[in-house]
Amino acid sequence: MLTLTADDGGIIPIERAVIGGILLEGTTRLPPLMPTEFFLGSHRLIWETILTLEDEGHGVNVLTLRARLASTGASHDDVLAHCYEDGALSAFLPSYARMVREAARARRLRALGAELHAQGLTEEEIRRRLDDLPGLLTSALVDPADDWREIVGGWGGRRLKTGLQGLDRVAGGLMPGVFVVVAGRTSMGKTAFLVHLASVFAGVGHSVEYLPLEESRLAIHRRVIANRTGLSVARLADGTLSAPEFQQAEDAVRWLQDVPLRLTGVEHLRAIDEDTVVGMVAAATAEVVIVDHLQQITTRDESRVYGLERVMKRLHAVALRDGKVLLVSAQLGRAMDDPPRPPRLSDIRDSAAIEFTARQVWLLYWPCKHKREWPATDYELYVAKHSDGPTGMVRLHFEATSGRFRDAG
């Protein structure tokens, strides 16, 4: 049976430190813990009494707390003495309170796992469901100073760069937890663009998990090799390579063996249903996860709109919880073909929730598909939504045979 370990005995001194810290400092700024989050029953009762005294406007100290406990016939003098001795300084209270909450969450996860096991679920199914939980089972304890330090830390090198200067200038790089939808019409280069980004990220040491839901793992590997070498994807498929080109491909494979890029094709999945895909994203340990593409995922609703809305929200929750950069491709409808024009947010197929949930939406456009007089190397990317920055169009150079992108000009 699946077990989630938590040192319940080890949390008892931490609980005493929190209670004792309140008694030592006489503070009225209590950590927002619930009594049920304490492991020991005596600690639960003491914390409940502390909350009651605070609600009534009484000062919280050893004397008032001891008197109130005695009035209920539940004196815990020995427990109070231990708490007072182990009391933490006020500066450490927030971090100790977070540890109490994390231990409580671990206990709840163990209880949930036991409940699912009793229902007959396999260990793999239990783990997937637990991994897919959108976040804490209780609200987080947050110190604004900690958040500020994290914000300042984000000013450094934590943003992932695409290597396309125009896009990085508009999008500002990709922070952990960001959810980006990359949308385009059929044959407009969505997969080529995502493969290019996967190669760039992995090439500079960022771990990448690529989940192709439309093409096989072999087809994506061919695209990666083409992107790395500049060779034609078609010629890699039919084998019409010269001896030097074959050697280039072999070198690219050795490069692939050394970089943190992992492909999980549809052949490894039981189905392309929402639970399986969301579970795979949740289980991925990579910094960057790419799902290609959204409309391939089957949902359990008669309404496709509601089903995709739920999938988007679940994926977004996983990205936020785990701090993953999540890139999901989506299909655009035919409206942009008649009359031919660049894409708009309203062209995204099936659900406005796709636009609503994503933090950024990038729309891909290959003008030569609509205007034959345009060079096939001209490419446009529209940052149509950006929750934390500007929007705008980025011009790119596209090598269609190999799937390579670079800045225009």
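Two strands count as paired here if DSSP finds at least two bridges between them. Strand 7 (residues 378–386) and strand 8 (residues 392–399) meet that criterion in this predicted model, with 6 bridges joining the antiparallel pair. Within the pair, Val383 sits opposite Gly392 of strand 8.

Strand 8 then pairs with strand 9. These two also run antiparallel, joined by 4 bridges, and His397 has Arg406 in strand 9 as its bridge partner. Here too there is a hairpin, this one with 4 residues between strand 8 and strand 9. Gly403 in that hairpin takes a positive phi near 80°.

Stepping back, these strands belong to an open sheet of 9 strands, laid out in the order 3-2-4-5-1-6-7-8-9. The pairing across the sheet is mixed. Strand 3 (261–263) and strand 9 (404–407) form the edges, each pairing on one side only. From one strand to the next, the twist averages 25°.

Elsewhere in the sheet, strand 4 (residues 288–292) and strand 5 (residues 325–331) supply a parallel pairing, held over 4 bridges. Val291 faces Val328 of strand 5 in this pair. Helix 13 (residues 274–283) packs on the sheet, where it touches strand 2 (208–212) along with strand 4 and strand 5. The direction of helix 13 makes about 160° with that of strand 4.

Turning to helix pairs, helix 3 (residues 62–71) and helix 4 (residues 77–85) have axes that come within 11 Å of each other and cross at roughly 160°. Since angles over 145 degrees count as roughly antiparallel, that crossing makes helix 3 roughly antiparallel to helix 4. The handedness of this crossing is right-handed. On the helix 3 side, the contact involves Val62, Leu65, Arg66 and Leu69, and these meet Asp77, Leu80 and Tyr84 of helix 4. Sorted by class, the contact of helix 3 with helix 4 comes out as 5 nonpolar and 2 charged residues, with no polar ones.

Helix 9 (residues 190–203) and helix 10 (residues 217–229) make another such pair. Their axes come within 9 Å, and the crossing angle is roughly 65°. With 65 to 115 degrees counting as roughly perpendicular, helix 9 is therefore roughly perpendicular to helix 10. Helix 9 passes helix 10 in a right-handed crossing. Helix 9 brings Thr191, Ala192, Val195, His196 and Ser199 to the contact, while helix 10 brings Ile220, Arg223, Val224 and Asn227. The class breakdown for helix 9 with helix 10 is 4 nonpolar, 4 polar and 1 charged.

As for confidence, the protein chain has a mean pLDDT of 84, and 86% of its residues reach 70 or more. Residues 1–7 have pLDDT below 50, and the model gives this stretch 14 contacts beyond near neighbours in sequence. Residues 134–138 likewise stay under 50 in pLDDT. For that segment, the model has 11 contacts beyond four places in sequence.

Conventions
Residues are numbered from 1 along each chain as its sequence is written. This is a predicted model: local features need pLDDT of at least 70, side-chain atom pairs count only at pLDDT 80 or more; totals for chains, interfaces and linings use all residues. Side-chain values use heavy atoms; hydrogens and water are left out. Axes are lines fitted to C-alpha atoms, for helices over the stretch in contact, and angles run from 0 to 180 degrees between N-to-C directions. Contact means heavy atoms within 4.5 Å. Angles under 35 degrees count as roughly parallel, over 145 as roughly antiparallel, 65 to 115 as roughly perpendicular and the rest as oblique. A crossing is left-handed if the near helix is turned anticlockwise from the far one by less than a right angle, and right-handed if clockwise. Ala, Val, Leu, Ile, Met, Phe, Trp, Tyr, Cys and Pro count as nonpolar, Asp, Glu, Lys and Arg as charged, and the others, Gly among them, as polar. pLDDT is the predictor's confidence in each residue, from 0 to 100.
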